There are 2 protein chains.
Amino acid sequence: MTELGNRYSRGQLAKSTGVKGETIRYYENCGLLDAPARSAGGHRIYTKDHLRQLKFIRRCRELGFTISEIDGLLGLADAQEKSCEQVRLTTAAHLTDVRNKIKDLRKMERSLKELIGQCEINSSPDCPIMDVLFS
Amino acid sequence: MTELGNRYSRGQLAKSTGVKGETIRYYENCGLLDAPARSAGGHRIYTKDHLRQLKFIRRCRELGFTISEIDGLLGLADAQEKSCEQVRLTTAAHLTDVRNKIKDLRKMERSLKELIGQCEINSSPDCPIMDVLFS
DNA sequence: ATAAAACCTGTAGTTACTACAGGATCAAGT
DNA sequence: ACTTGATCCTGTAGTAACTACAGGTTTTAT
């Protein structure tokens, strides 16, 4: 089916997706990316399908999905029925995670800002940041 | 100097700082936490100084400082002069990191929200989230 | 004295890659 | 056909900051 002008080396796949060659191999080991055919000499021969799949993986990673979440999503891509709802749930759960992380970081941000603020007021010989932390 | 009623086991130290016993050992291996004296049988005997130091480490970790940043801060705690400025710089640099992370996560949040939004509109048999990601 | 709790060391697992080492193969030019 | 340089192959080890054993010793409480 996929035959004409449809062969990519690992390097070409890397270039067109922005995913490093070594990482592509890693995804294959993980079972995330389908194992491609091999040349007589053992080199991997990828197709347009791999390209599509890898682009999907990269996008999901950029959105902060973990490998196993992506694995789940790829599994759902095949199973039709009910899968849409599952995808939505996975995405929603991930959104919650992201929001919690933001909350934590905001708390850190406030504390760090406060620590630095102490410095501006300061004129004592001791470091006020250390004073607060090392109490 | 530190002698009376001033001996803690690893477990006691763990309980009073909220840092797990195994993690305490890890910090010692890292060189973060000073190696304590040992009993005849080889058990670690901590002092109030260790308690103080470990609390400092825990606070810094909660604020997102890396181990090596904390190592740096602890080094500065001794060296007096100029160290306050260094502490402030380390803290400021860390604050920038935290803010960048927040920015990234916000971008993720927006995208995820958008993806989920697609679902609410949707009535087609295909999953709109997958459609967008798997394009 | 005995038994349970806590401790000891060293090693391996976690996540998502990245970076080698030491070869083999491929593609292009002559 | 041959050579050369780029790319590819495998397997392993390293990264950050822990966590979790296994298999044994010590401490503490009764």
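Predicted model: local features only at pLDDT ≥ 70, side-chain atom pairs only at ≥ 80, totals over all residues.
**Arrangement of the two chains**

Chain A is superposed on chain B by a rotation of 180 degrees with 0.0 Å of shift along the axis, and the RMSD is 0.1 Å. Because of this, the two chains stand in the relation of a two-fold axis. Within chain A, Ile102(A) has the C-alpha nearest the axis, at 2.9 Å from it. Both copies use the same surface, since 97% of the contact residues of chain A recur in chain B.

**The contact between chains A and B**

In this contact, 34 residues of chain A meet 33 residues of chain B. On the chain A side, helix 3 (48–62), helix 5 (83–121) and helix 6 (128–133) each supply at least two residues. Helix 5 of chain A gives the most, with 22 residues.

**The surface near DNA strand D**

There are 22 residues around DNA strand D, and those that come nearest are Ser9(A), Gly11(A), Arg44(A), Gly41(B) and Thr66(B). Two or more residues of this surface come from each of helix 1 (10–17) and helix 2 (21–30) of chain A, and likewise from each of helix 2 (21–30) and helix 4 (67–78) of chain B.

**Residue classes**

Definitions and conventions
Residues numbered from 1 in each chain as written. Chains lettered and ligands numbered in written order. Near = placed C-beta within 6 Å. Helix = DSSP H or I, 4+ residues; strand = E, 2+ residues; numbered from the N terminus. Least-squares fit on C-alpha atoms with pLDDT ≥ 70 in both. Contact = placed C-beta atoms within 7 Å.
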